[in-house]
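Colleague: I would like to learn how to read a model like this one. Can we go through it feature by feature?

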2 protein chains.
Amino acid sequence: MKKKLSINDIARSLNISVTTVSFILNGRAAEKRISEELVERVQKYIAEVGYKPNSLARSLRTGKSNTIGLMVENIANPFFANIARLIEDNAYKNGYKILYCSTDNDTEKTRELIHMFRERHVDGYIIAPPEGIEDDINNLLQAGSPVVLFDRKLSGVEADFVGIDNYGSTYNAVRHLVAKGYKNIGFITLYSLQSQMQERLQGYETALSENQLNQHVKEIPYTNSPEEIIKHVTAFLKRKKELDAVLFGTNYLGVSGLRAIYELGINIPSDLAVIAFDDHDVFQLSNPSITAITQPIKEISEEVISLLLKRLKVSGREKNHSRWFSRHLFIIVSPFPNRHWFIF
Amino acid sequence: MKKKLSINDIARSLNISVTTVSFILNGRAAEKRISEELVERVQKYIAEVGYKPNSLARSLRTGKSNTIGLMVENIANPFFANIARLIEDNAYKNGYKILYCSTDNDTEKTRELIHMFRERHVDGYIIAPPEGIEDDINNLLQAGSPVVLFDRKLSGVEADFVGIDNYGSTYNAVRHLVAKGYKNIGFITLYSLQSQMQERLQGYETALSENQLNQHVKEIPYTNSPEEIIKHVTAFLKRKKELDAVLFGTNYLGVSGLRAIYELGINIPSDLAVIAFDDHDVFQLSNPSITAITQPIKEISEEVISLLLKRLKVSGREKNHSRWFSRHLFIIVSPFPNRHWFIF
DNA sequence: ATGAAAGCGCTAACAC
DNA sequence: GTGTTAGCGCTTTCAT
C-alpha cells in the first residue's frame, strides 16, 4: 500500500516551494514567469513518480469540483438513460464529470440527493424534478448554484428549463387518430400532477372535446410495478370494450400496456390503434411497429448541457447574458427575464 | 447567497468547543461522556439552523468518502442499468453513495475514470472491466482499495468476482436446440476477447462439436451502431440460408438482430428459432416471445454489493475472513486463497 | 466532560 | 520568479 504523494513531497524532492509546483500544475507558470526549464523539470518529475493532485483538497480550497449532479427519474428508463449518456459525453468533453442518480419521483429521496450533491460541492445541477421539491431548488438557486430543469417544469421556480411541447404532442396525436376515423380514444397515463403529465392530459382532453368525443382516461400511480400496470390496463381495456385507439402517456406504461394488449389477444391495429409517448426499442420491434411520440433526445441533451455550461462560465465571471440562444430550437418562452426555457 | 455554516460557527454560537460538537455529530457523545443535556441542546440548535457537515472536509481528513465507484459497460443497456439500480438502492441502505459511469468498453476511457474515482477517494470499486485494464486494477488492489469485478473476469487479477456460468449457459442452450431437432445453429456474438464472450463461444462450440454439427459464427465489433449490426446480421442470414436456429451473444445484438430478422420477413420460430443472451423488454414482448438466457440480476447485484461491503468493513478493521459466504449461490470457485468468486 | 491545536492536501495573497 | 503562510471544514490526540 504505497503512500500517496502530495504536492509537498514533490516540492521537497525538487527543492522548490509548493507555490511553484501549484502554479505549474494549474497552468499559471507563464503568467507567473516561472522559468521554462523549471517547468519542464517539474512536469517530468511529476510524470515520473505519477503524482496526481488530490481533487478533494482542491475542491475544499476552491469550492469548485468540476462536477455536475444529474438527477433523473429512473436511470433504468431508456429515455433518461440515453439522455444521461449524451449529457455525460458532452460534459466530459468540457472537463466536467457527471454524477447521476435516480429520484424515483420520490420527493424525500430527491431532497437527500440534492443535499448529497451540495455537500460534494457539485458546480451545477441538472434535474428532472419530482413534485414538491420547489423550495429545495429555490434554495439552490438562491445559493447561487446553476440549475437546469428538464422534462417537467416546476411552478414558482425561476430556473432554466428544457423540454418539449407536451400539450401539442398529445393534441396532435389525438387529432391524427381522429382524422383516421378513430372515435373512442383512451389515454393511459400517470397519476401525477407533474407539469409534463398535466400538459399531455390537457392536450388529449382539448383535442377530444374539440371533436365532441368522449374521454376515456386511466391514471396509474408511478409506484406501480410492471405487473400491477398490466393488471390495471387489462381491467381498463376489458371494461372499455368500445375503445378503438389508445394513447400511452409514457414509454414504460406503453411497454406494460402492450403486454396487457397481447395477453388479451387484442390485435393492433385492426382492433386497437396504439400510440406511445417516448420511444423504446419495444415499439420499433413490435409487429406492426407502434407509433411513438419521440422526443428529440439529442437536442434536449445538448441544450441542457450547453445551458448549464454557460451558467457555469458566467457564474464565475461577469453577468453578461447576451447571445444566449442556440440554433436548433423550436420555441423559447420564459416567464422570467433572466432565465431561458427551450421548448422543442 | 447565504453563507454555509461550519462546525466552528456552531461551536461559537453555543459557546462550546468544536471538539464537543464533532463528537456529538459523530455519535461519540456517550463514549466521551458528554452530558445528555448538552447533546440535546447541540442537536436542537443544529436542526434549527439546518447545519450539515461538509463531507468534503470530512473525507479529506478521514480518507473515507462513503462512496463507491460503479463502472458498467453502458448505462443505457437494460442489463447494466438494472444492476446499477439494484446496487445503488442496496448501497444507499448501507450508507454508501454510488457514482456510476459507462466505460464503453474503452480501455483508455476506463483508465481515466478509474483515475477520477481514485482522485475522489471512493472507498471501493465495482467494475465490469474492458480488456487491457488489468494493470490499473492491480494497482488499485495493491493500494488497498477493495475491488469487485462482475460480468467478466480479468486474467491475472486477484479480485473478487461475481458472474454467471457463461459456458454452461450457451452449452445448454445449444443442447436444448439440438434436442428439439435443430441442426444448423448460428451464433451471433461480439468480436471480443472478454472472458464472458469467450466462454459463451466455447459453450456453443463444444455443444456443437459434441453433436457433430457445423459452426456458424458471426462476430460483430462492439463499436458497431445498431444500424451496422442490422446490416451485418442481414448479410449473414442471407448467406447462411441453411440456418434453422440462431443464438445471440448479448441482448443488444439480439435487439438489432430481431430487426434484421423481421425486415427479412423471416418467421420465428417456423423459419428460425431464436435465443438471446440477457433479457430485454423486447424479447418478452415479441410475438411469439423470444427465449432468453436470463441472468439473475437481483442475486448478482446483491452478491456484488455484499461482497464489497464486507471488504469495506474489513479493510478498516481486523482481517478475519471467516463466514464470508452467503446463501443463494451456485458455485464458488476462486483461484486465489483470499478472494471470492461467485458464479451463478 | 471539554477544549486547544495539529494537520489532511491544496490554493493564492503577500512577501521578497 | 519563488517562497511563506493562512486558511478551506473537519477529526482526533492530548491536556486539563
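Colleague: Start with the protein interface. How many residues of chain A are in contact with chain B?

Modeller: Keep in mind that this is a predicted model. Contact here means C-beta atoms within 7 Å. By that test, 37 residues of chain A are in contact with 37 residues of chain B.

Colleague: Which elements of chain A give two or more residues to that side?

Modeller: They are H4, helix H5 (78-93), strand E2 (97-102), helix H6 (107-119), helix H11 (251-263) and helix H12 (281-285) of chain A. By class, this side has 18 nonpolar, 11 polar and 8 charged residues.

Colleague: How do I read the symmetry?

Modeller: Two copies of a chain are related by a rotation about an axis and a shift along it. The same surface serves both: 97% of the contact residues of chain A recur in chain B.

Colleague: Now the DNA. Which residues come nearest to DNA strand C?

Modeller: There are 27 residues around DNA strand C, and the nearest are Ile7(A), Asn54(A), Ala57(A), Ser17(B) and Arg33(B). Helix H2 (18-25) and helix H4 (55-62) of chain A, together with helix H2 (18-25) and helix H4 (55-62) of chain B, each give two or more residues to this surface. The largest share, 5 residues, comes from H4(A). By class, the surface has 11 nonpolar, 10 polar and 6 charged residues.

Colleague: And which residues come nearest to DNA strand D?

Modeller: Of 28 residues around DNA strand D, Ser17(A), Arg33(A), Ile7(B), Asn54(B) and Ala57(B) come nearest. H2 and H4 of chain A, with H2 and H4 of chain B, are the elements giving two or more residues. The classes here are 12 nonpolar, 10 polar and 6 charged.

Colleague: Where are the domains of chain A?

Modeller: Domain 1 is 7-53, domain 2 is 62-163 + 298-327, and domain 3 is 166-293. The centres of domain 2 and domain 3 of chain A are 30 Å apart, taken over C-alpha atoms. Between these two domains, 9 residues of domain 2 are in contact with 9 residues of domain 3. The domain 2 side has 2 nonpolar, 3 polar and 4 charged residues.

Colleague: How do I check a helix, say H9 (residues 195-210) of chain B?

Modeller: Compare its span with 1.5 Å a residue. The 16 residues of H9(B) should span 22 Å, and the end C-alpha atoms are 22 Å apart, so the two agree. Then look at its buried residues, among them Met197(B), Leu201(B), Tyr204(B) and Leu208(B). The buried residues of H9(B) pack against strand E5 (160-163), helix H8 (166-179), strand E6 (185-190), strand E8 (245-248) and strand E9 (273-277) of chain B. After H9(B) comes Gln212(B), with a positive phi near 50°.

Methods:
Residues numbered from 1 in each chain as written. Chains lettered and ligands numbered in written order. Predicted model: local features only at pLDDT ≥ 70, side-chain atom pairs only at ≥ 80, totals over all residues. Helix = DSSP H or I, 4+ residues; strand = E, 2+ residues; numbered from the N terminus. Expected span 1.5 Å × (residues − 1). Buried ≥ 20, exposed ≤ 12 C-beta atoms within 10 Å, placed from the backbone. Near = placed C-beta within 6 Å. Nonpolar A, V, L, I, M, F, W, Y, C, P; charged D, E, K, R; others polar. Domains from an automatic or database assignment.
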